[in-house]
Amino acid sequence: MRFRTLCLGLTALIVAACGSTPKQAPLDESGYWSVQGRVGLWAHGEQESANFNWQDCNDRYRIRLSGPLGVGTTIIYGDAQQVSLHRGGDPEVTADSPEALLASLGWVMPVSALRYWLRGLPDPDAPHQQHPQEAGSATELTQYGWTIQYQPSSERAERITLESDNVRLKWMLRDWQANAQCNRP
């Protein structure tokens with residue numbers, strides 16, 4: 001049960017990091033967008049998965065993670081100054097950044113890069129290697145010791161796999177929307 005809690009917290013924080021990085025070109029002029037999907041986490045021989053709904057509104061974000069039928073809902077919201085995590089009846093957890101919140105759970109990952117990676121871009125603040133593949137196959141990016149593979153289906157990737165050492169995250173993205181609304185819990 002402790003591993004499950006840690007994995008759900010890790011997944012929540014990784015998703016939360018998406019809103020705390022420097023601004024990048026939005027999907028439209030408003031800069032408000034959202035995406036839904038599913039994320040799977042494999043670490044240390046165990047696995048977890050969650051549904052997610054991520055709303056990004058330029059300087060703030062709100063992410064909702066949940067298991068099957070909405071069980072175990074976690075809500076993360078934040079801005080450039082603070083990130084907060086809510087889980088059921090548990091006390092709210094806050095930190096100055098998603099990285100700090102993740103570190104408090106015992107994990108060290110370049111979570112701020114995820115906002116770029118999910119959108120098919122390298123983090124502009126760090127060296128990277130990009131490996132374009134043949135048409136119709138995965139494109140690969142290497143950064144911060146992570147390998148990111150993109151399975152495109154249209155203009156945006158629908159499946160993204162991140163791997164480093166003994167951790168693997170698989171993202172299934174759907175329903176990208178411009179002009180999303182950001183709501184607090």
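Reply:
**The largest nonpolar core**

Of the 30 residues in the largest nonpolar core, those that touch the most other members are Phe52, Trp54, Trp117, Ile148, Ile160, Leu162 and Trp171. A nonpolar core here is a set of buried Ala, Val, Leu, Ile, Met, Phe, Trp, Tyr and Cys residues joined through side-chain atoms within 4.5 Å; buried means under 20% relative accessible area, with a 1.4 Å probe and protein chains only. Two or more residues each come from β1 (32–43), β2 (46–57), β3 (60–66), β5 (83–87), α3 (114–118), β9 (146–152), β10 (157–164) and β11 (167–178). Strand β1 gives the largest share, 5 residues.

The model is predicted: local features need pLDDT of at least 70, side-chain atom pairs count only at pLDDT 80 or more, and totals for chains, interfaces and linings use all residues. Residues are numbered from 1 along each chain as its sequence is written, and side-chain values use heavy atoms, without hydrogens and water.

Of its 185 residues, 45% count as buried.

The pLDDT (the predictor's confidence in each residue, from 0 to 100) averages 75 over the chain, and 70% of the residues score at least 70. By element, the mean is lowest in helix α1 (residues 2–16), at 50, and highest in strand β8 (residues 139–143), at 90. Over residues 15–29 the pLDDT is below 50. Where pLDDT is low, the predicted coordinates should not be read in detail.

Definitions and conventions: Buried < 20%, exposed > 50% of the residue type's maximum accessible area, 1.4 Å probe, protein only. Helix = DSSP H or I, 4+ residues; strand = E, 2+ residues; numbered from the N terminus. Contact = heavy atoms within 4.5 Å.
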